[in-house]
Amino acid sequence: MENSVLQTIEAVAHDSYAGKLTFGHVVGSLMAVGVESYFADYRTGNTSYYMADGSVHVVALGKKDHTIPMAFDARVLVEAIRGAQRDEVRYPEFIRLSMVAGCVGYIVWMAGRHVSYFGHAGEVHVEYFSKAN
C-alpha cells in the first residue's frame, strides 16, 4: 500500500475519531484513495481498511469505556444514525450511542453504498447511504 494512501487512512481515522469529520467526508476521502470497505470493531477498538488488491491496514484507536448491552435495539441505532446524517452527532458520540443500542461494530461497503451494523447475537441492521453521502 502506498505511503500516501496509508497517510490518508490514518488521518481520516484519527480526525473522525476526534469528531472533526462527517460520515460523508470520511467515505469520500477513503473512496478517493481506493478503500473498498472498512470494518470498525468496537470490541477491539480497531478499524480495518480493505483495498481492492487485497491489502489491509488496521488502525488501533483504542476501546471506549462503554458497556455494550447484549440486546440489539435497531430503533435506538437508527436514531443515532439519523443524528449523524443531520450532523447533530459526530463520531465520538455516535460510537457511544450505537454501543448503547447493542452494536458491537459495523462494516461500510463503498461500492454497495451501505453500512451493516452488528449485534452480539449476529443481528444486522443495514443502512443505505443517503443521497448527500
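This report covers the aromatic pairs, nonpolar core, surface patch and salt bridges of a predicted model.

## Aromatic cluster

The whole structure contains nine aromatic pairs. One of them joins Tyr106 and Tyr117. Their rings are tilted, with 45 degrees between the planes and 5.5 Å from centre to centre. This pair links distant parts of the chain. Tyr106 sits in strand 4 (residues 103–109) and Tyr117 in strand 5 (residues 114–119), eleven residues apart.

Both tyrosines belong to a cluster built from ring pairs. Tyr106 has a relative accessible area of 5%, and Tyr117 has 6%. Buried means under 20%, so Tyr106 is buried and so is Tyr117.

## Nonpolar core

The largest nonpolar core holds 37 residues. Leu30, Tyr42 and Tyr106 have the most contacts inside it. Helix 1 (3–17) gives the largest share, five residues. Other elements that supply at least two residues each include helix 2 (23–32), strand 1 (35–41), strand 2 (46–51), helix 3 (74–85) and helix 4 (91–100). Strand 4 and strand 5 do too. In soluble globular proteins, nonpolar side chains tend to be buried together.

Tyr106 also has contacts beyond its neighbours within four places in sequence. Among them are Tyr38, Phe39, Ala40 and Tyr42. Tyr91 is another, as are Val115, Ser116, Tyr117 and Phe118.

## Surface patch

Val124, Val126 and Tyr128 make a nonpolar surface patch of about 280 Å². Tyr128 lies in strand 6 (residues 124–128). Its relative accessibility is 54%, so Tyr128 counts as exposed.

## Salt bridges

The structure holds seven salt bridges. Side chains of opposite charge can pair when their charged atoms come close. Arg96 and Glu93 meet at 2.7 Å, N to O. These two residues are three apart in helix 4, so about one helical turn separates them. Arg96 is partly exposed at 30% relative accessible area, and Glu93 is partly exposed at 32%.

Arg43 bridges to Asp41 at 3.7 Å, N to O. Here Arg43 is partly exposed, at 44%, whereas Asp41 is buried, at 15%. Arg75 pairs with Asp73, with the closest N and O atoms 3.9 Å apart. Arg75 is exposed at 54%, while Asp73 is partly exposed at 30%. Both residues join Glu79 in a network of salt bridges.

Key: Residues numbered from 1 in each chain as written. Predicted model: local features only at pLDDT ≥ 70, side-chain atom pairs only at ≥ 80, totals over all residues. Heavy atoms only, no water. Phe/Tyr/Trp six-rings, centres within 6.5 Å; stacked < 30°, edge-to-face > 60°. Helix = DSSP H or I, 4+ residues; strand = E, 2+ residues; numbered from the N terminus. Buried < 20%, exposed > 50% of the residue type's maximum accessible area, 1.4 Å probe, protein only. Core = buried A, V, L, I, M, F, W, Y, C linked by side-chain atoms within 4.5 Å. Contact = heavy atoms within 4.5 Å. Patch = residues over 30% accessible without salt bridge, like charges linked within 9 Å, V, L, I, M, F, W, Y side chains within 5 Å. Areas by Shrake-Rupley, 256 points an atom, 1.4 Å probe, with all protein chains shown as cover. Salt bridge = Lys/Arg side-chain N within 4 Å of Asp/Glu carboxyl O.
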